[in-house]
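My notes follow in the order in which I went through them.

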Amino acid sequence: MNLSPDSASPPSGAHPQRPQFVYVKIPVVKDAADPFHWREDEIDQVLSDKGIGSVIGWGSSLGTVLQDWSREIAFTRIDINVTDLTMARALLQTTLPALEAPSGTEIHYTIEQQNLEDILTPSGWLLAQPVFGSRHGLGIKLR
């Protein structure tokens, strides 16, 4: 079996970290469309510059069903692989507001098999919040 140089074992003493999946949910604000998805490129650049990750995909998430059974786009979702979760979270917490991400933006990740999220509020980030099926009724005010 031939191994490419990329698949070779790391040098002695090196401890590469296994990539960890993180995703960001950015609420879609009416009349503030992002047709060129520039945030994904900016986030990818910031993570790549630090050597800690990259954007692996993005897409739109639909909101709740309306009375006419239609659904509007509610979020842009950005899928990311990172090798340093602590540094990536800190970088995203700085970068997202600079990219005009609105209140309600979420960073989703897992620590010790627990699903957590950081939530951007008008007064700053709520950190390491447990993820439930819904935040309705939990007393978290996002706007």
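**Surface and overall layout**

I began with the accessible surface of the protein chain, which comes to about 9,700 Å², with 53% of that belonging to carbon and sulfur atoms; such areas come from the Shrake-Rupley method with a 1.4 Å probe, and for residues only the protein chains shown count as cover. I noted that this is a predicted model, in which local features need pLDDT of at least 70 and side-chain atom pairs count only at pLDDT 80 or more, whereas totals for chains, interfaces and linings use all residues. Residues are numbered from 1 along each chain as its sequence is written, and side-chain values use heavy atoms, with hydrogens and water left out.

I then read off the secondary structure, which comes to two helices and six strands in the order β-α-β-β-α-β-β-β along the sequence; helices (H or I, at least four residues) and strands (E, at least two) are DSSP runs, numbered from the N terminus. Of the 143 residues in the protein chain, 32% are buried, where buried means under 20% relative accessible area, exposed over 50% and partly exposed in between (1.4 Å probe, protein chains only). Among contacts with a separation of 6 or more, 53% come from residues 24 or more positions apart, a contact being heavy atoms within 4.5 Å.

**Helix α2**

I looked next at α2 (residues 85-98), whose 14 residues reach 20 Å from the first C-alpha to the last, close to the 20 Å expected at 1.5 Å a residue; the expected span is 1.5 Å times one less than the number of residues. After α2 comes E100, which has a positive phi near 65 degrees.

Which residues of α2 are buried? I found L85, A88, R89, L91, L92, Q93, T95 and L96, and their cover includes β1, α1, β3 (73-82), β4 (106-111), β5 (114-121) and β6 (124-130).

**Single residues**

I111 is found in strand β4 and, leaving out residues up to four places away in sequence, touches L85, R89 and L116. I logged I111 as partly exposed because its relative accessibility is 35%.

A128 itself sits in strand β6 and has a positive phi of about 50 degrees although it is not a glycine. I also checked Q113, in the loop between β4 and β5, where phi is again positive in a residue other than glycine, near 65 degrees. Is Q113 buried or exposed? Q113 counts as exposed because its relative accessibility is 79%.

D79 has its place in strand β3, and I counted D79 as buried because its relative accessibility is 18%. The side chains of D79 and R77 are joined by a polar contact of 2.7 Å; a polar contact is a pair of N or O atoms within 3.5 Å, and within protein one must be able to donate a hydrogen and the other to accept it, while residues adjacent in sequence count only if both atoms are side-chain atoms. Beyond four places in sequence, D79 touches F21, V22, Y23, S54, V55, I56 and G57.
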